[in-house]
Amino acid sequence: MNLRQKRALAWLVMLLMPWCTFAEPVYAYMIPITPIKGYPKLEVSGNNSLSLNVSSVSGSQSYFQDDNYGASRTFTHNSNLYLNGQLYKDFYLDATVTADEYAPDRFRWSLRHDGSDAKTLLGEFTATMGGNEFVTLNRNLQGVQVDAVLPKGGLSVIGSDLKSPVKTDIFYGRNVSGPYYLTATPVVEYSEVVTVNDLPKERGREYTLDYQNGILNFTSTSIISPADRVTVSYEVSISGGGGGRLTAVRGFYPLTDALSVGATHIQLNGRSGGGSTQRDERDQFLGTGTPGPFYLTFRPIVPESETVTINGVLQARGAAYTLDHTTGRLLFAGGNEPPPGSTVIVRYAVTQVTAASSGDRAVTGVDVNWAQHGLQLGLQAAKSTGGGVQHIAAEQIKDEQFTVQAGIPVTQQVFHLRKTPVMPNTDTVRALALPLVRGTEYILNYQTGELRILRADIPISNLGPTLFVSYSTEGRTVALQGDGALALTANFGNEHVAANAAYRRVDSGFSPIERAGYRNVRDALEWGASYMPTAELTFSTSGDNTTLPYNPYSSVDNILMEEKNRTYGVEYRREDWPALSLRRTTRDSSQLGSEGLGDASVTDSLSITWDKSPLTASLHLNRRNIDTRQFRYSADPYQPLPDTPQATDPIYHYRATTHDASLNLNYAPNDRLNVSANLATNTINSDTDGVATTSAGRNAQVSAHYRVSDRLTLNSNLTTTKTDATRTASGSDVPAQTSTDLSLGADWQARANLSVGLSYTTNSARGGEYSNSDSTMLAANAWWQPTSRVSLNGYWNRQNLNYTDLLGSSVNNMLGASTQVELGKAIVNLDAQRIWGENSFGVAQMYQTEALAQRQVVMAQVADDAAVTTTGNKLTTLAAKVTYPVADKHDIFVAGETLRNSGFPSGSRKQTIGLGWNYHLTDQLTLTLNAQQLHYADDVNANLDYNARRLNAQLSWNF
């Protein structure tokens, strides 16, 4: 390395050093840099801008800030920097820097050195450490990891901060595939571990997860029954989320060719006191002429902390919209839908719970492995120490539901809240939609959670859940203790036979540091075997007897379950023949020492796959019998388990038989045609406490892609999904839901300078959550470059949405065009866009409470009720910019924009005119000065009017 290269490397290290710390970085600005010469294998790209904004406003200062979000700040910073590749010889750099006024700053980088005897990672990376199942790591860390290869054996060292807290949600199915809502967001991407009845599910194929909003959906035909226990472990991306300094050491040493020993130690030095704080957030949406729903980004939301505006007009909480504070779902009521192109701004507060430190704690493990002649024996042991106390933060319970018992006066019934103790004066109780008065109409024991109704004249029905209780719990602490864990494993395999066995024992006080995906068992005996008499035929069996702690609705495991699982299977695979697989799985789970809690199931599966070009096909058939018994507090079978179940608690009994089948076909005769079809069905016949119900779902999808020529490509997709009507055990009806989607598209490259795209989509929904509806959309786009100095772009789409049973509809249109023309030295950019729509609403309106997230339709009562059509909303935008070079590195520009919005909730006009100067310091670095005059006028609310003068100075770098 010569002197110039050494200086460049030192300069890069100095640049990265301010962020090379175990603490979470905070950014205010970033100094632009230039690509490093002499490093051709290092790819550098990105952009960076730093702006100073000075404005003078007369009129509505607050609406100026809303209407020009970000631009009203004194300083704004946007940065995207990407460095990836070989820095020098064995050094590799991977860095991403993003800073945006609309999102939290983000800096992720790692520097890797691949030496002949050691591999070093510095920065932010995914740390993995195995060898002992009780002392493992697999999560995002920020720090350093060194993996050294010794003359005999190896050594790994990690020093880091935990990047984010780990949370585990456990819940039962609702006879639907989704959505299911996680309790904390946003989720760290790809950090989740999803299991159903302890069986892992495959990301993307068996479920999808919206990481920003925490919305979990299983595939459309994977109906999750109330007997199915869903467990989701995931990392929560919240800064300041607790944790502490983490160090880990792992080493192994081969004593002989067959025998090796290893040891692992992970130490966590807690430093966070934990607690709950609030922070303010802001979301902005573009109205579409429909009620929504819109989903807020962060949760949990502080009740009644939100303010919602449409084009600056404040909306009435509960009348114009409803907001579910648990799921973040915002839904506008009929007649208050944000029109197409309108600006919806939601300001709200969220509760940020920081994980409390449980003191300094550690886990130490040893492992011994012996392998010879196809036989492998292993011993793994671990012990956790320290831990202090676990702080359980206060929890907000939303609308816990109870159903009164028929034949017993309501004043003589006792209802038990499932979480105690209750924080005084945080409770609200509603009977149907009527709020009850504390002390006069009901009384609640905050310590025991006993709720009693004091007056018999309160309107209460026993046909379904009618009591809704919301409250907050008090925080509490639980003492932790260190304890041990042991695992013995054996594996054997040869040409025809493979077998494995394992025994595990985990003491009740054992506390691993890494809990994402960790299965907390007490005792487990597992085994498996397979026999291959020929190369094509395989017989297999596996099973386990397991005792594990379980209480999905409490932070303390106080229920012990005994589980027995057995699997028997046979597979036949022969070249050019369909592959066949038969499998039976049995499960028997019961509460230790009690006949209350438990479940049993038998699942039979058949799979046939065939891969014979050009056709690939697979068929999957499953049949499952379920028998489940659960404790509950009330007659509502969907009430969760109590923290401390008693033998006298009522029992919820659920029996079901499920059938599901799927057929997947793919036909690709050549590189021009590809056709695929996917058919699936699922049926559940269930009995809950003597109430028989049937749930069924079907899905069919056919798609085709055809390249007619080198210039023309056609594609299509047809999807239909149906879920049959059913009645829940509580007596409420769930209507049948059907959805059909069809899309057709074409892309035509007419000439080298002309391309056209056309698409058509249609959707029909019946029995949906909000309304029966039909919608169609037609869209077209075109690009044309008639000369080297002129380019044109255009697009158009039209959507028709009709709510068939709400007597309402909407029509939305968008038309836009842009052009760039070079006139001598001048460059002219013109943009035009028009969005317009029309909404009509009849006397039947959508009504949704926060307690019941389902559709309520109020039908017309008199024949002469007539529909009302709202004023058609129109948003017109015209923009122009002329840039002219006045010198080698200098150019001036004039830019103007006008916006005209008419319709609900009011019309408005906005004009902007600006004069600017660009100074190109280098080919990538530009200094821009821009002076603007802004004028906004509202047709109805003059209090929103403003006039502003704005001066912007921006330093930008693109490379």
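User: Over the face of which residue does K881 lie?

Analyst: The model is predicted. A charge sits over a ring if NZ of Lys or CZ of Arg is within 6 Å of the ring centre and within 35 degrees of the ring normal. K881 lies at 4.6 Å from the ring centre, and the residue whose face it covers is F893.

User: Which ring has the charged end of R574 over it?

Analyst: The charged end of R574 is placed 4.7 Å from the centre of a ring. That ring belongs to W577.

User: Is the pair of F294 and F332 stacked or edge-to-face?

Analyst: A pair of aromatic rings is described by the distance of the centres and the angle of the planes. Planes under 30 degrees apart count as stacked, and those over 60 as edge-to-face. The centres of F294 and F332 are 5.9 Å apart and their planes stand at 85°, so the pair is edge-to-face.

User: Is Y946 buried or exposed?

Analyst: Buried means under 20% relative accessible area, and exposed means over 50%. Y946 has 1% relative accessibility, so this residue counts as buried.

User: Which element gives the most residues to the largest nonpolar core?

Analyst: The largest nonpolar core has 27 residues. Elements that give two or more residues to this core include β6 (137-149), β7 (154-162) and β5 (118-129). The one that gives the most, with 4 residues, is β5.

User: In which sense do strands β24 and β25 pair?

Analyst: Strand β24 covers residues 361-372 and strand β25 covers residues 375-386. V368 stands opposite L379 in β25. The two strands pair over 12 bridges, and the sense is antiparallel.

Note on methods
Residues are numbered from 1 along each chain as its sequence is written. This is a predicted model: local features need pLDDT of at least 70, side-chain atom pairs count only at pLDDT 80 or more; totals for chains, interfaces and linings use all residues. Side-chain values use heavy atoms; hydrogens and water are left out. Two strands pair if DSSP finds at least two bridges between them. A nonpolar core is a set of buried Ala, Val, Leu, Ile, Met, Phe, Trp, Tyr and Cys residues joined through side-chain atoms within 4.5 Å. Buried means under 20% relative accessible area, exposed over 50%, partly exposed in between (1.4 Å probe, protein chains only). Rings of Phe, Tyr and Trp (its six-membered ring) pair if their centres lie within 6.5 Å; planes under 30 degrees apart count as stacked, over 60 as edge-to-face and the rest as tilted.
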